[in-house]
Amino acid sequence: MVFSASDPAQTRLAISLEENRTLKGRLEANENTANANAIQYHHRMSLIDQQLKDALALSRQAIANVSRTARLEERLLVLEEDCAESRSTVASLKLEIKTLKESHKSEVEDLTERLEREKVGRAADSEPLLVRIHELEEKVKENNKMMKDNSDRLTHLTLMLQPLWRRMLLDAARKKIYEALQKCDWKEVRAEYSPDGQLLRQLRAKDVHLTRRALELIWDGKTFRAAGNDAAHDAPAAEVHLGVTSVGGSNREAFDDIYIFVYGSAAEIEE
């Protein structure tokens with residue numbers, strides 16, 4: 001359609017059409033910008049959500065190794081609820097964007113600003129959650145280290161006490177033998193018998209069945225008895241202190257004095 005330059009009405013109509021085209025172009029540009037911002041926001045929130053999921057999965061795996069699992073899992077459930085709430089909020093915002101684009105295109109720019117503010121707010125909300133997850137992971141590491149230290153200490157104690165247990169076994173066997181022979185103690189057995197067929201036959205007559213090698217170890221067993229003596233007299237100070245703290249009554253103070261005398265001042269005693 002061709003307009004005459006001398007016709008004011010046609011000129012205004014042309015200007016109005018041009019303004020409408022310009023406004024339409026701006027509206028479409030704003031809509032495209034809003035869509036791009038919404039997609040970018042959704043992508044960033046998906047990344048944050050995935051990071052939270054990964055962090056929560058790692059926390060669950062670590063928490064399963066400690067004794068306070070139940071209490072930590074409850075805290076993680078709270079974090080999951082917060083994440084679920086964040087995802088629900090994002091879904092609601094997406095639905096609101098769709099509705100606004102269809103019915104109120106002129107409000108897209110305002111909605112974009114709202115989305116930006118929500119994104120900043122959600123990022124700020126996620127930061128304390130990530131910090132808390134890190135704190136829980138550090139506590140799990142501390143508990144795992146404590147458990148390993150206790151396990152190593154138990155292993156050391158077990159190895160240290162094994163010779164003593166063997167010594168106790170030999171002493172218990174001597175006691176059963178002199179009781180079976182109706183003697184007062186092991187010295188009477190050694191004075192009356194020798195570790196040969198005579199003692200073995202006498203024991204079998206009393207329904208005590210031992211091999212010759214077993215009887216030799218009970219009779220002599222110097223190597224095992226010496227190892228037991230070493231174990232009984234060579235415990236670390238920390239383990240000796242555990243034995244002192246288990247004493248009750250009026251003897252406790254006396255044992256404390258002895259411990260200080262042997263190992264150092266009271267300030268050096270490890271509780």
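Arg 213 forms a salt bridge with Glu 216, with 3.4 Å between the closest N and O atoms; a salt bridge here is a side-chain nitrogen of Lys or Arg within 4 Å of a carboxyl oxygen of Asp or Glu. Because the two are three residues apart in helix α6 (residues 212-219), Arg 213 and Glu 216 are separated by about one helical turn. Arg 213 is exposed at 51% relative accessible area, whereas Glu 216 is partly exposed at 35% (buried is under 20%, exposed over 50%, partly exposed in between, with a 1.4 Å probe and protein chains only).

The model is predicted: local features need pLDDT of at least 70, side-chain atom pairs count only at pLDDT 80 or more, and totals for chains, interfaces and linings use all residues. Residues are numbered from 1 along each chain as its sequence is written, and side-chain values use heavy atoms, leaving out hydrogens and water.

The protein chain has nine helices and zero strands (DSSP runs of H or I of at least four residues, and of E of at least two, numbered from the N terminus). Of its 271 residues, 23% are buried.

The whole structure holds six salt bridges. One of them joins Glu 135 and Arg 132 at 2.8 Å, N to O. These residues, Glu 135 and Arg 132, are three residues apart in helix α3 (residues 108-180), and therefore about one helical turn separates them. Glu 135 is partly exposed at 37% relative accessibility, as is Arg 132 at 28%. Lys 183 and Glu 192 also meet in a salt bridge, at 2.5 Å, N to O.
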